[in-house]
Amino acid sequence: MHKAGFVNIIGNPNVGKSTLMNALVGERLSIITSKAQTTRHRILGIVNGDDFQMVLSDTPGIIKPAYELQNSMMGFVKNAFEDADVLVYMVEIGEKELKDESFFNKIVHSKIPVLLLLNKIDKSNQEQLEEQVTLWSEKVPNAEIFAISALENFNVQAVFDRIIALLPVSPPYYPKDSLTDKPERFFVNETIREKILLNYDKEIPYAVEIDTEEFKEDDNIIRIRAVIMVERDTQKGIIIGHKGAALKKVGIQAREDLEKFFGKQIHLETYVKVNKDWRSNLNQLRRFGYNQK
């Protein structure tokens, strides 16, 4: 008897959704930073066993959209409600509400199993934890509550085992050797974008999109050429930095992570181009895989 299903992870920004998915998959598929809106796409991580296939879905943090890119990000979250077999709702210690009431109502009235994961318990004491469990038990009475630390991998195995128990009987949805639904270029783009999130402040990381124009793989080396898109000339100057030092730093950090991810030597070239107001341009968003309308 083979079980398979879609397990979709939702919650506010920075509650640990990407950290959890990477822990469950056992691979670093989603980028992780302390900045909000790190995850822009819906990313699938596929866990295969002899008699199960768990299709995990990491989604952007729930926000009130301010421009077209954020509308598209929330579209990924809405889609996650529609095809889930198990819904994982993540909150962190001290959190008391979801930022969008309509999403919260969907969770409370869900007809499918809901696991509410109270994350970052390593930052709490027993009294605070008990208060939070009581609060969320009353707010989401249809949910099973697990207290976890995704970063410390505490109680993650219990969540994994419970998800397996809840999966419906089904043949696999993807080939059993699949790890994700995303192509190699997607992970190149995301790795470079992560380094920009880590190395630049304020609006710069949110005005950036990456386009991998070339990905050529040989036996011992992968040659990659990627373009860093920004919205204004001033942003281009900041990304490049004095005598190119800032861009060089991003390139070195990204190459090191990509060599670990692909297990091969990487030759990475990066360029910076201005793509004016791409976050509000529907054609550009479609090109970058955001807006599927």
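This is a predicted model: local features need pLDDT of at least 70, side-chain atom pairs count only at pLDDT 80 or more; totals for chains, interfaces and linings use all residues.
Visitor: What makes strand 2 and strand 6 the edge strands?

Guide: The 6 strands form an open sheet in the order 2-3-1-4-5-6, with mixed pairing. Strand 2 (43–49) and strand 6 (143–147) each pair on one side only, and that makes them the edge strands. From one strand to the next, the twist averages 20 degrees.

Visitor: How do you know that strand 2 and strand 3 pair?

Guide: Two strands pair if there are at least two bridges between them. Strand 2 and strand 3 (residues 52–58) have 7 bridges, in the antiparallel sense, so they meet that cut-off. You can look for L44, which stands opposite S57 in strand 3.

Visitor: Which strands does helix 4 touch?

Guide: Helix 4 (residues 126–139) packs on the sheet and touches strand 4, strand 5 and strand 6. The direction of helix 4 makes about 155 degrees with that of strand 5.

Visitor: Why are helix 2 and helix 3 called roughly parallel?

Guide: Helix 2 (residues 68–82) and helix 3 (residues 101–108) pack at an angle of about 15 degrees, their axes 11 Å apart. Angles under 35 degrees count as roughly parallel, and therefore these two helices are roughly parallel to each other. The crossing of helix 2 and helix 3 is left-handed.

Key:
Residues are numbered from 1 along each chain as its sequence is written. Side-chain values use heavy atoms; hydrogens and water are left out. Helices (H or I, at least four residues) and strands (E, at least two) are DSSP runs, numbered from the N terminus. Axes are lines fitted to C-alpha atoms, for helices over the stretch in contact, and angles run from 0 to 180 degrees between N-to-C directions. Contact means heavy atoms within 4.5 Å. Angles under 35 degrees count as roughly parallel, over 145 as roughly antiparallel, 65 to 115 as roughly perpendicular and the rest as oblique. A crossing is left-handed if the near helix is turned anticlockwise from the far one by less than a right angle, and right-handed if clockwise.
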